Structures are given as structure tokens and as C-alpha cells.
Amino acid sequence: MRGAIAARRLAPYVLLAPGLLWLVLFYVYPAIQMFLTSLWTGNIQNGYVQSWNWGIYPEAITEYWPWLGRSIVYGGLATILAFGLGFPLAYAIAFRGGTYKNLLLFLVIAPFFTSFLLRTISWKIILADDGLFLGPLKDVGVLPEDFRLLATPAAVVAGITYNFLPFMTLPLYVALEKIDKRLIEAAEDLYAGPWRPQGTIVGLVLGGALGVIVALVMDYSPLLIGIPMAAAGAAIGTFLISQAFIRVTVPLALPGIFAGSLLTFIPAVGDFINAELLGNPQSLMIGNVIQARYLKVTDYPTASALSFILMLAILIGLLIYTRLLGTEDLTGASI
Amino acid sequence: MTDTRSPLPDLTRRRFLQGSALAGAAAFLAACTGGGTPGTGSAAPSAAASESAAGSAAASESAAASAGATPAQGGELRWASWIGYIDVNDADQSYPTIKKFEDETGIKVTYNEKIDGNESFFTTDLQGPLTAGQPTGWDLIVVTDWLVARLARLGWLEKIDTSVTPNFVKNLAPNYKARSFDPDTDLAAPWQSGMTGIGFNKKKTGELDSLEVFFSTQFKGQKTYLDEMRDTVGLAAIKLGYDPASITAQQFDDSLAVVKKAIDDKIVRQVTGNSYVEDMQADSAVMAMAWSGDVLTLLVPDQKPTQDFQWRLPKEGGMLWTDNMCIPKGAPNKGQAERWIDFYYDPINAATIEAYVNYVCPVAGAKDEMLKIDKDIAANPLIFPPDDYVARLHQFRAVTAEEETTWAEAFTKAMGL
């Protein structure tokens, strides 16, 4: 009897042990090592000593804040764009997928069967200056001859968005799929009809603002992108968004939105492959800096300090975000 | 994409950018747990290495002692190299020339295509154990000039006993002798070389033969530079009339300024590793600082000079880089490594490998052997460069420890990092 109670008391720890051990070995230990490395001084010729040179942190931030900032902006934009693409997709699969649900879900994850690298390299072929997509547009004169998508910030953000889209779509799908459709019907019966005129205004403002931000980051004319985006936002807000959607669907989908945006944003900020293959020297991200500092300059302390700073920045952002969205919803409904 | 020899267009053996990027991430973790205090973090790999070394240590000591003038016989050779860097029998994926060596010498060769980047190989395989004074687990490694220079500076290489490698002494092409990082020619035995010059799409650019185009506004945004400091800065130095083999700090600054200006003015589309190949195939880039081997094996799969994609050694000159066979400090099977080096410098063996590999062969006499195997290859200037090529080829000098860091830093800054 006592044995049974003891076993029951131990069970959670036994169950936790493998995961904890894994985390300690492959996360905590390397993180501590990385932190210690950041406080070395020296070079490969004369070796390194643990000098506790805390000054490296302010130095690294002063020198590399533009790259840190750029990474957060690119990662944030990619997350918003992935949400813009992923939400309608997940919604369509969850609510209108019918018998094709599983097939559609499979298609969402199908790109994962190909290596991340090959997928990114294939973009170089698809988006080539004279390729499948741009070539015909240039031939008919829609685009100027010297227009290009590759080797621009736009290509980097687009590449990140594409590569992490499934991380956004799947949690959204899980959250939307669970929604009891009768709740939406009930809301509609209770006059939660079209969301006008608020929807028009909100759509106009959000679409326009996103367009202007995208344009500024990408170095295009703000009006050129802002006006069509504002128009699109207004149209979506007017005709596609109902009050039932705002009051029932979105709140219930919140855990999915939270999980999806984190799963997209965190790897997106640290990504360096897209910037390396699709970007130009003016659009490199913090991951590229860390890689170059580490491998090319063999400046291990700065590389480690930057990695640590990036980790802390993401952690702090995460805490604020969790506060804003509220934790209970997330832990309560995310599974 | 059109390459028939390799399923992946970017799997050239050299500086496989993406591979090294991924390996770099792994190396980052590896070295975060190593380095610092010698012998603590790096305990795992070096322990494994010394364990495997212990078994053969006794054998090799006696081999080394009796070496003197008699070449090694039997035992084993553990060799780290790059992908696509030796002849392969397509039928059973065996290595015919290694097989021949094994049959002749009784030495068992473990050939591992382990290296996909000099930087990452240095961090994952060499730095930890050699800092701690342990053997690396490799008896022979193939690394590029600048890494040889670094290893030599750190005292991490064994001297090749040239008394047991008569072929190496006799057949090493003259322009490889007494290089700045290896004055006595006994630290590094050249394995393959490549040239860095102008790769271009003739259909779009017409004939090109001058370095000037890299720095002019012609084809703005349609040309790429290389992410290897010695190639890109080296070409800029040649353009300015300097010799990279004796480049001074001032000349380096001048050359880098030219590079930086071109990047800042957005004349340069991207600074890349091997991935310029995709950009050229897709017509996004019309000209690139390009490695001769890439152009041979990727851009021109059938190696006919009638293709659109061409490579030229600029009239002002180009860069020559070399991957070298080296014996890391404390390698237990040094005698076996020397035996292989001597074997390779037999022209017939070098020619056999060259028929498959398509890089520049450093073995004098291999061209004559190649004439018997394949006349086209023997006549190809990208594999057997004629004298007027050799006269225009420059090698970047060995840099000091301080220059290695400050120049790399300055170059990565110019690259936008």
C-alpha cells in the first residue's frame, strides 16, 4: 500500500526525467558553455582565457544592433505575412475541407519532405531575374527590365515566410478545427452579422499600415504598396469579416495564433540561410553575423555574446507577448 | 540541374557553402563545449581519438623508427577529404586508385569525405584535440593553403619525411615549391588546385577577359563576388597591380577599399560561396568571380567550349588556390600517410585520379600520362594550365596571426557583416 503511494508520488518525476535530461544535456549545458565562451579573451594563436570580460556585451550590442534590429523586423514581418497566408488556409481546411481535410493537411507539410536548403535554393531558380515568374512579366512590359526579386530584402522575408509557413498553419488549424460550429451559428442567430462599418475602417488601417511598413523595409515606395494593401484590407474587412468571426472564432483561435506566431517568429529571427542565399550585402541578418564571427574571424567570444543576446531578446519579447495575450488561454486550450 | 554526374547541382567538393553553414552551426556548439580550457570540453572527441590511436600507436612507432628510407608497409591510414575528390567506380562506389594502393602496400585506407568546409573542419576536428596535445583521429587531411598556413603557424603539422617520398620531391610542379607557409616544402603536399577568375555567360556579356568589369558599373547588380577573402581581395589586388603573394597591409587596405566600394554601390549582387552557380544557371547573374572547377563540372557539364558559360583567366592575372595533403600533429600512422603521398605523386596514379576529378593537377608528368588516358582532358587548360596561365597565376601569401583576424574581420565587414 505504502509502496503504491510512493510509486504514485514518483511517477511525475519519472515521466519528466527523460525530457529534463535531454534539455539539460542539449540545451542547458551548451547554453552555459556558450555563456562562458562569451566571456573569454584571446585568439586561436595564443589560446583563450576565461577573463569575465563583461564589456563584450555592450560592445557587441553597440556594434551589431542594426543587424539585431533588422533580424527582428524581418522575422516579425515574416510572422505577420505567414499569419496572413496561414489563417485563411487553416480556416479553409478546418471549415471547408470536408473529405479532403487530411489530403490538404498533408499538402501543407509536404514541403518538409524536401531539405530546407534545397527548397531555398530552388527559389533562386523560380524567382530568377529572367525566370519562370519574372521573365513573362518583363516580356509583356509589366515590369522594367532591371527589376529583380532575388538578392533583395523582399526575397529574404518572402523566403522566411515560405519556409516557416507550416509552423504557422498547423497550430492555427488545430485551434480552428476544435471550434464548435454551433457557437458560430448561435452568434449569427443573435445578430452577429457583417462587421460594418468598423470592419472597413479596421481593414483599411491595418492593411495600409502593413503595406507602408513592408514598403519601408523593402525599400519600395510606401504609396505604391500602401494604397493597394489598404484597399485590400478594406475589402476584406467589409465583405469577409463578420461579427461572429471577431467575437467567436478569433478568441477561440487565440491559442493557435499564439503558438503559431511563436513557432514562426523564433526560428525566423535566427535564420541565416534565407539571407545568405536570397539576400544581398545590405540585408544580412544576425545569424549571418554570428556565423561569420565564429567561422571566418574566429572571434568566438563575440559570436557567443551575440547568440546569447539574441536568445535573451527573444525571451524578453516572449514574456511581454505572453503577458499581453494572457497565459491561461494558452495553456488551457492549446492542445 | 543539368549536371549528370552529381544529383545535386551544388554538391561540388569545394567550399560547399550551405553544407559548411550547417556544419558551422554544429561546429559552433562543438567548440562552445571545447576550446577554452584545454582538455575539459574537448575531452569527448579527443578521448575517442586517443583510444583509437592507442591500438596502432605501438605499431606505428616501430614503423616510424624503422622508416628512415624504407617506406611503410601494412597498417592503416585514416584520411579526411572532400566530396567528389577522388576517382570512384560508379558500379560499386569503390575507389579504384585507393584499392590499387591497398593492394600494393598492404595499408588499409579509411577514406572519409568528412570535410565540407575548412573553417568547420578546423573547429570540429582539429582545434579541440590539437589544443590539448592529442591526436586528431586523422593521419592525413586535405585542407586549403590558408588553413595549412594557420596549422603550420600553430605547430600543428608533422613534417613530411621527404627521404621516403622521392616521387613527391621529383614530380611536384615547380610553382608549388617553397610556398610562403611551407618554405622547405615538407609540410604540405598539393592535392588539387583550382583557379579563381571570371565566369560569365557569353550570350549575355560577350567575351570577357579583364578584371576591370568586376569593378565597373557595367552589368550592375548582375555580378557576384566570392565569400573567400583571398579570392576576392586577391583579384582586387591584381587589378590594382599588386601581387597577392607579397601583399602589404597598405595594399590590402587599398584592395579591400575597391571591393567595399563595389559592394556599397550595389554593383555587386551578392557575395557568395558556390551558390553563384545557381544564379548563373538561372540567368540572374551574368558574370561571377568563379572557381575553374565549378565551371568545368557544373556550368559546362559536357565540357565543350561551345557552351554559353565560360571561364577565363583574366589577362591581368587570377588566383591559384590549392588543397594540400597534410599530416596533423601526433598522427599515429605518419609513415602510411607519407606512403600515400609518394604513391599519388607517381604521374600514372595522379593522372588516373585527375581523369575523374577535373581540378588542376600539381603533379609534373601527369599530363603525359593523361594523353594516354584521355586527350581532351590533357588538352584542357583548366586542368593542365599551360605556361602562360601559370605565369599569370598568383597565390595569396601566408598571413600573420594578427593579419588573419584583422583582415578576416575587415573583409566580413565589407561583405555587410
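**First stop: a pair of strands**

Select strand 1 and strand 2 of chain A, which pair in the antiparallel sense over 4 bridges. Two strands count as paired if DSSP finds at least two bridges between them. Helices (H or I, at least four residues) and strands (E, at least two) are DSSP runs, numbered from the N terminus. Strand 1 and strand 2 of chain A form a hairpin with 3 residues between them. Now select Trp40(A): its bridge partner in strand 2 of chain A is Gln50(A). In a regular strand the side chains alternate between the two faces of the sheet.

A note on the model is needed here: it is predicted, local features need pLDDT of at least 70, side-chain atom pairs count only at pLDDT 80 or more, and totals for chains, interfaces and linings use all residues. Residues are numbered from 1 along each chain as its sequence is written, while chains are lettered from A and ligands numbered from 1 in the order in which they are written.

**Second stop: where chain A touches chain B**

Display both chains. How many residues does the contact take from chain A and from chain B? The contact takes 40 residues from chain A and 37 residues from chain B; two residues are in contact if their C-beta atoms, placed from the backbone, lie within 7 Å. On the side of chain A that touches chain B, the elements that give two or more residues include helix 1 (2–38), strand 1 (40–43) and strand 2 (47–50) of chain A. Helix 12 of chain A supplies the largest share of that side, 7 residues. By class, the side of chain A that touches chain B has 21 nonpolar, 13 polar and 6 charged residues. In this classification Ala, Val, Leu, Ile, Met, Phe, Trp, Tyr, Cys and Pro count as nonpolar, Asp, Glu, Lys and Arg as charged, and the others, Gly among them, as polar.

Select residues 101–109 of chain A, which are helix 3, together with residues 153–177, which are helix 6. Their axes are 9 Å apart, and the helices pack at an angle of about 150°. Axes are lines fitted to C-alpha atoms, for helices over the stretch in contact, and angles run from 0 to 180 degrees between N-to-C directions. Helix 3 and helix 6 of chain A are therefore roughly antiparallel to each other; angles under 35 degrees count as roughly parallel, over 145 as roughly antiparallel, 65 to 115 as roughly perpendicular and the rest as oblique. The crossing of helix 3 with helix 6 of chain A is left-handed. A crossing has this hand if the near helix is turned anticlockwise from the far one by less than a right angle, and is right-handed if clockwise.

Show the side chains next. Leu105(A), Val108(A) and Ile109(A) of helix 3 meet Pro166(A), Thr169(A), Leu170(A) and Tyr173(A) of helix 6. This contact of helix 3 with helix 6 of chain A has 6 nonpolar, 1 polar and no charged residues.

Remain with Leu170(A). Leu170(A) is partly exposed because 19 other C-beta atoms lie within 10 Å. A residue is buried if 20 or more other C-beta atoms lie within 10 Å of its own, exposed if 12 or fewer, and partly exposed in between, with C-beta atoms placed from the backbone. From C-alpha to C-alpha, Leu170(A) and Ala90(A) are 7.2 Å apart in space, although they are 80 residues apart in sequence.

Select residues 243–270 and 300–325 of chain A, which are helix 10 and helix 13. Their axes come within 11 Å and cross at roughly 165°, so the two helices are roughly antiparallel to each other. The crossing of helix 10 with helix 13 of chain A is right-handed. Among the residues making the contact are Leu254(A) and Phe258(A) of helix 10 and Leu310(A) and Ile314(A) of helix 13.

**Last stop: backbone details**

Most residues other than glycine have a negative phi, and most peptide bonds are trans. Select Arg196(A) and Pro197(A): the peptide bond from the former to the latter is cis, with omega near 0°. Pro197(A) is in the loop between helix 7 (181–189) and helix 8 (198–218) of chain A.

Then select Asp219(A), in the loop between helix 8 and helix 9 (222–239) of chain A. Phi of Asp219(A) is positive, near 75°. Is Asp219(A) buried or exposed? Asp219(A) is exposed, because it has 11 other C-beta atoms within 10 Å.
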